[in-house]
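Visitor: I have a model open and want to learn how to read it. Where do we begin?

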Amino acid sequence: MPRPKATMPRPSPKGAVERYAGLGSALTSLGSALAGLMFVWSMVRPFLPRTVFKYYLGHLMRRHARWLVALLDPWLTITITDHDGGGRLGIGAVYDRAKAYLSAQCATRARSLRAELAARGTERFLLSMDHNEEIADEFQGATVWWHSVSLGGAVPRRTYRLVFHERHRDLIVESYLPHVSREGRAIMASTRRQKLFTNTFDRHNSSWSYVVFEHPSTFDTLAMDPAKKRAIMDDLDAFRNGRDYYARIGKAWKRGYLLYGPPGTGKSTMIAAMANYLGYDVYNIELTSVTTNGELQRLFVETKGKSIIVVEDIDCSAELTAKRDRKKPPPPSGPDDYEEARKVTLSGLLNAIDGLWSACGGERIIIFTTNHVEKLDPALIRRGRMDKHIEMSYCCFEAFRFLARNYHGIDAHPLFDNIKALLDEANITPADVAEHLMPKCAADDADSCLASLVKALAEKAKENATTAVINSMDDLLKDDQTVLDK
């Protein structure tokens, strides 16, 4: 690794002669001392046991080797990688803070830079050092050098190497590195971009990849009963500001939400609105891409704070919704049994979302969505795991008025009474209502869109009434069959 270059003043001829004479005298004295030491050693060595000789000689060589290395190379190196070590599997927070610090403080001095947008909705770029680039920084009179390198391997690691003189060790460790961490964290907070993570799978394991989260949904655009919407927002505020409360009651700083209801009722839109309201990242876990319970556990551990962890349509996983067998399964005996043993189980998911990992970090929200809540195991959705259950129901009149205001800017219309009556009879989702309210061409106005909605509601109400009659007749036939069987 290249070291910082040091410049030395050129000595005068007279001074050089005097120094060379002094050096020759010192070398002569050193030679005499070594000769005397060797003579004494030759007299003492026959009386020393071989094991004692090897031990003390090895110790002496190691001690003086370290001193010699420090004398020849006084530069120390601290490596900061983009992956934490020592059992913590999360992405390196120290690396991210160092990157932010260097982007703001030192990147203007680099010759090779990388650029990315600083935040959503802005045109400002965030600059960082490119690979194999080196820049210098000064702190309280000490000069340090930052090197950006990439370590090879199956998964390349981005790395910063901080080089400094050993005489500045205490200053760098005790003051400079905390300074870098504080400044980097502040910069990250001011330029933070929300991210949408998803788990990707290769032949080795699963890992997270992300894109910038730019979903436009907010609570201001969410079609829902205003009172219910306000209750959800208040609950989110209480969680976000509840760090001290959770610490006082001895619970991990996390909260679970279960969103359930028919398809098209806005469960995914609700998740996006919650993320935008809190400013949290979203981790979307695709369970079908996870092969083992251990892999699922690792994915959960690698999530950061200020995040929402989402498992959508959890009712679609047979392994999590089937009734549990209390008996211990037999060990795998064939390829099919082995593959079955590798699947994620209900027990593995419960341990992942509510195990000891939840004490690592904090400020995490876990959301499950389902179209059929009755299929889920009660242990999965009990309070303490899914603390708040939110029913995403069919469109009500208040939600319709909200959509009419958003799409056409109206709060009243002669058709509103008919629509209110039909909404009670027709089970229609907010997504279907919004589709009818959205203008399809320039000629579409509020009157035509509302008329289209009334027609659709009438057809849906008639369909529901017919279905109710058929179901009632089926129930009567089943009752009659039961009587006959008896």
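Guide: With a helix lying on strands. This is a predicted model. Helix 4 (residues 169–190) lies across strand 1, strand 4, strand 5 and strand 6. Helix 4 runs at about 135° to strand 6.

Visitor: In what order do the strands of that open sheet come?

Guide: The order is 1-6-5-4, and the pairing is antiparallel. Strand 1 (75–81) and strand 4 (133–139) are the edges. Each has a single partner strand, so one side of each lacks a neighbour in the sheet. From one strand to the next, the twist averages 25°.

Visitor: Which other helix packs on the sheet?

Guide: Helix 3 (residues 93–105). Helix 3 touches strand 1, strand 4, strand 5 and strand 6 (157–165). Its direction makes about 65° with that of strand 6.

Visitor: How many bridges join strand 4 to strand 5?

Guide: There are 7, and the two strands run antiparallel. Strand 5 covers residues 142–151.

Visitor: Now a parallel case. Which strands pair with strand 12 in the parallel sense?

Guide: Strand 9 (residues 254–260) is joined to strand 12 by 7 bridges, running parallel. There, tyrosine 257 stands opposite isoleucine 367. Strand 11 (residues 307–311) also pairs with strand 12 in the parallel sense, over 5 bridges. In that pairing, isoleucine 309 stands opposite isoleucine 366.

Visitor: Are the residues of strand 12 buried or exposed?

Guide: Buried means under 20% relative accessible area. In strand 12 (residues 364–370), 7 of the 7 residues are buried, so the strand is largely enclosed by the rest of the structure. Check both faces. Arg364, Ile366, Phe368 and Thr370 are buried on one side. Ile365, Ile367 and Thr369 are buried on the other.

Visitor: How do I read burial on a helix?

Guide: An α-helix has 3.6 residues a turn, so residues three or four places apart point the same way. Now try helix 15 (residues 430–437). Its buried residues are Pro430, Val433, Ala434 and Leu437. They cover an arc of only 100° around the axis, which puts them on the same side of helix 15.

Visitor: What do those residues meet in helix 13?

Guide: Phe400, Leu403, Ala404, Tyr407 and His408. The contact comprises 8 nonpolar residues, 1 polar and no charged. Helix 13 (residues 397–408) and helix 15 pack at an angle of about 35°, their axes 10 Å apart. The crossing is right-handed.

Technical notes. Residues are numbered from 1 along each chain as its sequence is written. This is a predicted model: local features need pLDDT of at least 70, side-chain atom pairs count only at pLDDT 80 or more; totals for chains, interfaces and linings use all residues. Side-chain values use heavy atoms; hydrogens and water are left out. Two strands pair if DSSP finds at least two bridges between them. Helices (H or I, at least four residues) and strands (E, at least two) are DSSP runs, numbered from the N terminus. Axes are lines fitted to C-alpha atoms, for helices over the stretch in contact, and angles run from 0 to 180 degrees between N-to-C directions. Contact means heavy atoms within 4.5 Å. A crossing is left-handed if the near helix is turned anticlockwise from the far one by less than a right angle, and right-handed if clockwise. Ala, Val, Leu, Ile, Met, Phe, Trp, Tyr, Cys and Pro count as nonpolar, Asp, Glu, Lys and Arg as charged, and the others, Gly among them, as polar. Buried means under 20% relative accessible area, exposed over 50%, partly exposed in between (1.4 Å probe, protein chains only). The arc is that of the directions from the helix axis to the C-beta atoms.
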